[in-house]
Amino acid sequence: MNDATMTGRITAESADRDFMQIRYTDLIGKFLAKYIQIDKELIQDVFRKGIGLDGSSVNGFSTIDESDMMLFPDRKTLRKIPLSSYEIMTVIADVYNGFDQGRSRKDPRSVSQTLEDHLAVSQIACQIGAEVECFVFDQIIFDMEKNSHASNNINGQNRAKDVSILSSEQYGIGKYPIRKKSGYDVPTFQDSLIEFRFEVANILKQYYDINVTNMNHEVASSGQIEINFMHDYLTQSADNVQIYKDVVRNVAKKYNKIANFMPKPIFDPLNNENSDNGSGMHVSISLWSKSTGKNENLFYDESDNYAELSQTGRYFIGGILDHARSLSAIVTPTVNSYKRIIPGFEAPVYIAWARGNRSAVVRLPVNEKKSSNSKRIEYRAPDPSANPYLAFSAIVAAGLDGINRKIEPGNPISEDIYKMSDSRRKDLGIGVLPGSLEEALSSLKSDSNYLNLCFHHDLISTYTDLKTKEIVEIGNDESVINQFMFYYDV
């Protein structure tokens, strides 16, 4: 994404031909891009015949002996955008197996589409809204020489400072620094990213028809932002998250900055007090019945005095809480994710629910009263390293399992869970989310049947293998530099 001087320029060489960017998402969640140049009169062939793909070169798609796959663009996602010095077409594609062998079981987008098809049979639609936080740094410096020295250090503790994060909001660097954990809605003179957020919002609206609702500086210092956009249907909302992350990164590149979506980029493995808040991706969900000829929010009940929440909504929460530990493998899917899920930094740790309580993993926003349109359930565990197609689908599948099995969520917890004693939490039956990716994967292996609604077992097996390999590759070295080397571009 570049400024106005670069938009819409068509050179003499490209006047009779269009460039097309074809986007798709690998199993882990990376938003990949293939480029073609095509005659305008032949563009229909792209949608009808698709474009070839080497699936063995894509994380989680196929083996080298069965590598021929196809991308079929979804016409509904076709847009014209500025890229470099050209105006090009961009589109999101669905992934198929080659030789007319049908849809790939490992295409993340097929998971959310399968779930939407399942809901449509019952004339139900799912609305998803994601709040994606991230950091926009001025620079990230790797001290590779120091890293080489530290790799020979048995305890590896010297490696904790091998990455330097620079931001104009830091003390000693900027003129108007922000204290750690004090960045929420900072005044204008301290906010270094106002124009940045405005530009992202404009691009999302102008080129992608994504309506931004708010764009604030978040709690952490060093350039943490959150830009929210309107809720949408499940697959569309996942598409929007991928587009949003891509736009933020490209605008950061234009400003000579670095957008970072790691769940916890600012942490000290030796002393948590030197850390700052991480980045989450809170997910709001609502289910809507279409059977009466009008939209009816299935989570809304005006007669409920506590939170105007229906019994269906309670069962949905019950399903999420019941599967919260296995869900973690999908919604908090990196080793770095578990640097965020610790007390004291506003990230959820405890398996409980309540209205307006940000110390519980499930929260019911109650800003408005007597409003069926705004009634929703917020799941606070996910972070931006998650594949949104898999994460959104898994959360909804867990909730639907709760509805089908009539799982009660227990009593809401209307106090700060962080300040409770262990014995009190135990008395109240409050569980704890996994403390590591390895622990989360173990829970997924023993609790995955609820995902069969939309996840093929081949996908779950491959995903688990990839994540297990990730743990092995990182090993016991959870230093800052190792986290950045693995998750710099997550």
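The pLDDT is the predictor's confidence in each residue, from 0 to 100. The model is predicted. The protein averages a pLDDT of 90, and 93% of the residues score at least 70. One covers residues 1–16. Beyond near neighbours in sequence, residues 1–16 have 29 contacts in the model. The other covers residues 147–160. That stretch has 16 contacts beyond near neighbours in sequence. Where pLDDT is low, the predicted coordinates should not be read in detail.

The largest nonpolar core holds 114 residues. Within this core, Tyr244, Tyr379, Phe392 and Phe455 touch the most other members. Helix 9, residues 388–405, gives the most to the core, with ten residues. In soluble globular proteins, nonpolar side chains tend to be buried together.

Leaving aside residues up to four places away in sequence, Tyr244 touches Val132, Cys134, Val200, Leu204, Ile225, Ile227, Phe229 and Phe261.

Cysteine pairing was considered next. A search of the whole structure finds zero disulfides. Cys126 is in no disulfide. The nearest cysteine sulfur to that of Cys126 belongs to Cys454 and is 11 Å away. A disulfide requires the two sulfur atoms to lie within 2.5 Å. Cys126 is buried, because its relative accessibility is 4% and the cut-off for burial is under 20%.

Ser443 provides a polar example. Ser443 is found in helix 11, which spans residues 437–446. Its relative accessibility is 12%, so Ser443 counts as buried. Ser443 touches Arg325 and Ser326, not counting residues up to four places away in sequence.

The largest cavity contains about 70 Å³ of space. Its lining consists of Gln21, Arg23, Phe31, Thr77, Arg79, Thr90, Val91, Ile92, Tyr208, Ile243 and Asp246. Strand 1 (17–25), strand 6 (86–97) and helix 5 (234–254) each give two or more residues to this lining. Strand 6 gives the most, with three residues.

Technical notes:
Residues are numbered from 1 along each chain as its sequence is written. This is a predicted model: local features need pLDDT of at least 70, side-chain atom pairs count only at pLDDT 80 or more; totals for chains, interfaces and linings use all residues. Side-chain values use heavy atoms; hydrogens and water are left out. Buried means under 20% relative accessible area, exposed over 50%, partly exposed in between (1.4 Å probe, protein chains only). Helices (H or I, at least four residues) and strands (E, at least two) are DSSP runs, numbered from the N terminus. Contact means heavy atoms within 4.5 Å. A nonpolar core is a set of buried Ala, Val, Leu, Ile, Met, Phe, Trp, Tyr and Cys residues joined through side-chain atoms within 4.5 Å. On a 1 Å grid over the protein atoms alone, a cavity is a set of points where a 1.4 Å probe fits but cannot get out, and a pocket is an open set with protein on both sides within 12 Å along at least five of seven lines; lining residues have an atom within 4 Å of a point. Grid points are joined across faces, edges and corners, and a volume is the space filled by probe spheres set on the points.
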